[in-house]
Amino acid sequence: MPTETASQAQRILNHLQIVSAQLALRAASPPLLAKVQALKRYQQARFERSYADLLQSPRYAGAARFFLEELYGPGDFSRRDAQFARVVPALVRLFPAEVVGTVEKLAQLHGLSEQLDTRMAQQLDGPALDRAAYIGAWQAVASPAEREQQIALTLAIGRAMEGFTRKPLLRQALRMMRGPAAAAGLSELQHFLEIGFDTFKAMQGAQEFLDIVRRREQALADALHAPDALARLAACPPGDESLGQLP
């Protein structure tokens, strides 16, 4: 395996090991697991609230649903992660380099998000969650740099999917890889890539969608990090669209 390919494979494995460590930590503590699951449900509800307009949009609903279910949702990705970890050498050998680069970003995003979710859940008194508890947990553990990286990785995955749609031969290659991917144990990854490709292709241009995601996510992150976030929340100023994203 070439040096760069081997390095990329190792980086993907490192990110997946971070995810595995977070899952093991929660498995050893049912109360922590319950709080993480509650936090993920809350964050899914937040996304649905933030993007209610896009989820109803004929043009953008598919992409918004893809982000919600594949990147933000409380779904169990352990099967997909286990596939990645078992067959990373096959992944970097079978898939085009640009696809492998996107998978690396996906693994990195997942590792970072799981770490932040665990740390936030550890700040909660229990699985019951409201706006004030969410803000308190966020401010206790999440640095602005980590949140900016989380947003940047999410957008990078979206831009990569958009780029794939401009390469029709890549879509054909993905179809041809269904058999080899299944034989190599990569069916979950194959599904993720095909759904992402088709969803972004159907948008016929993703720039506006990605710009909306960037603005709203950054505005919310900035508002949550503000020292007066709890006071602003209590005052509920009219037109406060940032904190108003919280359910």
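This section describes the fold, the helices, the aromatic pairs and selected residues of a predicted model.

Residues are numbered from 1 along each chain as its sequence is written.

The secondary structure of the chain amounts to 13 helices and 0 strands. Helices (H or I, at least four residues) and strands (E, at least two) are DSSP runs, numbered from the N terminus. The pattern along the sequence is α-α-α-α-α-α-α-α-α-α-α-α-α. The chain has 247 residues, and 50% of them count as buried. Here buried means under 20% relative accessible area, exposed means over 50%, and partly exposed lies in between (1.4 Å probe, protein chains only). The accessible surface of the chain is about 11500 Å², and 55% of this belongs to carbon and sulfur atoms. Accessible areas come from the Shrake-Rupley method with a 1.4 Å probe; for residues, only the protein chains shown count as cover. A contact means heavy atoms within 4.5 Å. Among contacts between residues at least 6 apart in sequence, 78% join residues at least 24 apart.

Helix H6 covers residues 97-122. Its 26 residues reach 38 Å from the first C-alpha to the last, close to the 38 Å expected at 1.5 Å a residue. The expected span is 1.5 Å times one less than the number of residues. In H6, 19 of the 26 residues are buried, so this helix is largely enclosed by the rest of the structure. Helix H12 has 19 residues, which should span 27 Å at 1.5 Å a residue. The end C-alpha atoms of H12 are 27 Å apart, in agreement. The buried residues of H12 include Phe209, Ile212, Val213, Glu217 and Leu220.

The structure holds 9 aromatic pairs. Rings of Phe, Tyr and Trp (its six-membered ring) pair if their centres lie within 6.5 Å; planes under 30 degrees apart count as stacked, over 60 as edge-to-face and the rest as tilted. Tyrosine 60 is buried at 5% relative accessible area. Phenylalanine 209 is also buried, at 1%. A further pair is formed by phenylalanine 200 and phenylalanine 209. Their ring centres are 6.4 Å apart and their planes stand at 90°, so the pair is edge-to-face. Phenylalanine 200 is buried, with a relative accessible area of 1%. Tyr60, Phe66, Phe67, Phe200 and Phe209 form one aromatic cluster.

A charge also sits over a ring. The charged end of arginine 147 lies over the ring of tryptophan 138, 3.7 Å from its centre. The criterion is NZ of Lys or CZ of Arg within 6 Å of the ring centre and within 35 degrees of the ring normal.

Two buried polar residues contact glutamates. Glutamine 8 is in helix H1 (residues 3-27). Its relative accessible area is 15%, so glutamine 8 is buried. The side chain of glutamine 8 makes a polar contact of 3.2 Å with the side chain of glutamate 104. A polar contact is a pair of N or O atoms within 3.5 Å; within protein, one must be able to donate a hydrogen and the other to accept it, and residues adjacent in sequence count only if both atoms are side-chain atoms. Not counting residues up to four places away in sequence, glutamine 8 touches Val100, Gly101 and Glu104. Lysine 40 is in helix H2 (residues 30-50). Lysine 40 is buried, at 12% relative accessible area. Its side chain joins that of glutamate 114 through a polar contact of 3.1 Å.

Glutamine 204 is found in the loop between helix H11 (187-203) and H12. Glutamine 204 is exposed, with a relative accessible area of 72%. Its phi is positive, about 55°, although glutamine 204 is not a glycine. Most residues other than glycine have a negative phi.

Leucine 243 is placed in the segment after helix H13 (229-235). Leucine 243 counts as buried at 3% relative accessibility. Its C-alpha atom is separated by 6.2 Å from that of leucine 220, 23 residues apart along the chain.

Notes
This is a predicted model: local features need pLDDT of at least 70, side-chain atom pairs count only at pLDDT 80 or more; totals for chains, interfaces and linings use all residues. Side-chain values use heavy atoms; hydrogens and water are left out.
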